Amino acid sequence: MAKLEKDKKVLIRIENLKKYFPVKKPSLFDREALYVRANEDVSLDIYEGETLGLVGESGCGKSTLGRTLLQIYDQTDGRTIYYGLDIDELAPKYVSDILKRLPSLGNKLKELQKKENDTLKTYEKLPEGKEKYQALEKYREAEKEYRTLLLDVTQLIGGLIVADDLSEVSRVAMKEHETSREAFKIRKKIKEENVLIEGKVLTLQEEGKKLEEIETQIKSQKNKVQEWEKELSKLEDKIKDIEKEIEVLRDKYRNHPEFEKYDKNRDKGINLARLTENEARLLRKDLQLIFQDPYSSLNPRLTVGQIISEGLYAHKIFAKNDKSVQDYIIKTMEECGLAPYFIHRYPHQFSGGQRQRIGIARSVALRPKFIVCDEAVSALDVSIQSQIINLLLDLKEKEDLTYMFISHDLSVIKYISDRVGVMYLGNIVELAETEELYSRPMHPYTEALLSAIPTTDPDHKKDPVILEGDIPSPIRPPSGCKFHTRCKYATEICKNVLPEFEEVVPGHFVACHHKINLDKIEPAEVKIAK
């Protein structure tokens, strides 16, 4: 288990993610809309080059979180910011939706800020008791609503939110966005045409054509690309001029007392939750998934070569007639421990471990930046598990990959993960570096999970922590802390107030009113006042 380096770059930032699945009403006359609350208010950062482990009981929402993060499931609420691609390179539609409405959104922010302040005052005036707990929940909801909109806006315009005339900011920012969108379309056309040219050249070479003949046949395509490149160059110069215009505006308000505070939110991340289907498809190459079941996740009608090549053709990495794709597939197969002669075989001809290697090869072939491993080894026997885990670690080092590794096996998680998140009924209840979490758990649920790990060391026997009862229904979860129905430390506040997910010591986040093992913390480590 590698220790996470400091100052790692964030690849994906999840803020208040929710995923609800609607449930059919038991009766036409039932007014209440019911939902399975699969993920509830999940917030965490995933760093480049790390493996984030995710553990929890069956049905707690681990797989749903992985799929929602990739936008395979539409997000119900929250922000999922991806930093693997500059927002100006993609120029998504939601940016124009925000920039066009800047003046009205500025007014809405003032209303939401007033609402937040009013709910805070109401909370502070009330005496201790159930009513105050309810007022606290209302304040948190109002604060989250204001913060979410503020981040959506200031991520794009930063400190310019303090401008007297937001319509002028809107005009200049829209001009930059529209020009960036035109440039993005041209870059896409150039990339796709170059792939077609490369494929055509290889085909003509195999047919024995001379260099002069090849150049003649691809001349019109090359001329087309050159025209697009000239057009792109003009647009890039135009973007630079607009950026200067924006800097003039920024200089005008730079001395405003709140400019720097809001400008810290300005970045180039892409909110995956707000992308259209076509925009999300463009990022599928970077964000991949290894499925839990190696038997049902492979198309039985396709050979291994066809399974791996599907994504390569869909994302225009190779042209359909490009003969070099086979060499690339064989190279990827060898990296994943598959013999080259397997390329023409079908999935039913392989063992479970080999099928999982095919699934890994399919994902890795696209050279992604982030992979969700959804219980990628749970269906395999122990000896094959170790081979697949070591393969994933080798590929991570070679390709600089980032993983979210979902598993029930706490020993596997400890071996492969840099950090571990613990989920309970849709919420992340604890998050820390692996060594820290296993040696000093601070949430009672984590303590119970770790006590269940079998050990062969007679000198380190642990008393198992028995959790009474079953996981409550995700359709009607308990009020307050969802774990209070099974927790031996629960008190009145646990039944009424949802605990905040807070940093207790650097890098160790816990959501609990009665954190355990606080006596093991050195005074210099403490982040919060208890």
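These legends describe close-up views of a predicted model. Residues are numbered from 1 along each chain as its sequence is written, and side-chain values use heavy atoms, without hydrogens and water. Local features need pLDDT of at least 70 and side-chain atom pairs pLDDT 80 or more, while totals for chains, interfaces and linings use all residues.

**View 1. Domains 2 and 3 of the protein.** The domain assignment, whose bounds come from an automatic or database source, places domain 2 at 120-265 and domain 3 at 300-367. Their C-alpha centres are 34 Å apart. Eight residues from domain 2 and eight residues from domain 3 make the contact (heavy atoms within 4.5 Å).

**View 2. The interface of domain 2 and domain 3.** About 660 Å² is buried between the two domains, 59% of it on carbon and sulfur atoms; buried area is the accessible area (1.4 Å probe) that two parts lose on being put together, summed over both. On the domain 2 side, V195, L202 and E206 lose the most area to domain 3, together 48% of what that side buries. Zero salt bridges are found across this interface (a side-chain nitrogen of Lys or Arg within 4 Å of a carboxyl oxygen of Asp or Glu).

**View 3. The largest nonpolar core.** Among its 60 residues, I12, I46, I157, F370 and M404 touch the most other members. Such a core joins buried Ala, Val, Leu, Ile, Met, Phe, Trp, Tyr and Cys residues through side-chain atoms within 4.5 Å, buried being under 20% relative accessible area (1.4 Å probe, protein chains only). Domain 1 and domain 2 each supply at least three residues to this core.

**View 4. Surroundings of I46.** Leaving aside residues up to four places away in sequence, the residues that I46 touches include V10, L69, F370, T402 and R419.

Definitions and conventions: Buried means under 20% relative accessible area, exposed over 50%, partly exposed in between (1.4 Å probe, protein chains only).
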